[in-house]
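Let's walk through this one together, from the overall layout down to individual side-chain contacts. Have a look at the chain before reading on.

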Amino acid sequence: MTNPLQFIQQVRAEVSKVTWPTRREVILTTGMVFVLAALTALFFSLADLGIRSGLSAVLSYFG
């Protein structure tokens with residue numbers, strides 16, 4: 001079992017090994033996330049509209 005000082009030293013050593021992204025990489029990946037989220041929202045909105053229209057048509061046919 002390590003003591004708290006050793007633990008902190010090990011954490012600092014591991015954090016120093018991390019390759020941090022550049023500002024450009026962060027901006028590009030953030031933009032990609034927003035674009036993909038918008039596309040996903042559009043897809044599910046259209047799917048919902050189609051299902052709702054189809055269900056309404058079926059229910060009005062029998063109703």
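What follows starts with the overall shape and then turns to the salt bridges and aromatic pairs.

A quick word on ground rules: this is a predicted model, where local features need pLDDT of at least 70, side-chain atom pairs count only at pLDDT 80 or more, and totals for chains, interfaces and linings use all residues. Residues are numbered from 1 along each chain as its sequence is written, and side-chain values use heavy atoms, with hydrogens and water left out.

The protein chain has 2 helices and 0 strands; both kinds of element are DSSP runs numbered from the N terminus (helices are H or I with at least four residues, strands are E with at least two). The chain's radius of gyration is 25 Å, well over the 11 Å that the globule rule gives for 63 residues, so the chain is more spread out than a compact globule. That radius is taken over C-alpha atoms, and the globule rule is 2.2 Å times the number of residues to the power 0.38. Along the principal axes, the C-alpha atoms fill a box of roughly 75 × 35 × 10 Å.

How much of the chain is buried? Buried residues make up 0% of the 63 residues, where buried means under 20% relative accessible area, exposed over 50% and partly exposed in between (1.4 Å probe, protein chains only). The chain exposes about 6100 Å², and carbon and sulfur atoms supply 72% of that; the areas come from the Shrake-Rupley method with a 1.4 Å probe.

Now for the charges. There are 2 salt bridges, each being a side-chain nitrogen of Lys or Arg within 4 Å of a carboxyl oxygen of Asp or Glu. In helix α1 (residues 4-17), K17 and E14 sit 3 residues apart, about one turn of the helix, and their closest N and O atoms are 3.2 Å apart. K17 is exposed at 59%, while E14 is partly exposed at 47%. The other bridge joins D48 and R52, at 3.1 Å. These two are 4 residues apart in helix α2 (residues 23-62), about one helical turn, and D48 is partly exposed at 42%.

Finally, the rings. The whole structure holds 2 aromatic pairs. F43 and F44 are edge-to-face, 5.1 Å centre to centre with 75 degrees between the planes. Rings of Phe, Tyr and Trp (its six-membered ring) pair if their centres lie within 6.5 Å; planes under 30 degrees apart count as stacked, over 60 as edge-to-face and the rest as tilted. Y61 and F62 are also edge-to-face, at 5.2 Å and 80 degrees. Y61 is exposed at 68%, and F62 is exposed at 66%.
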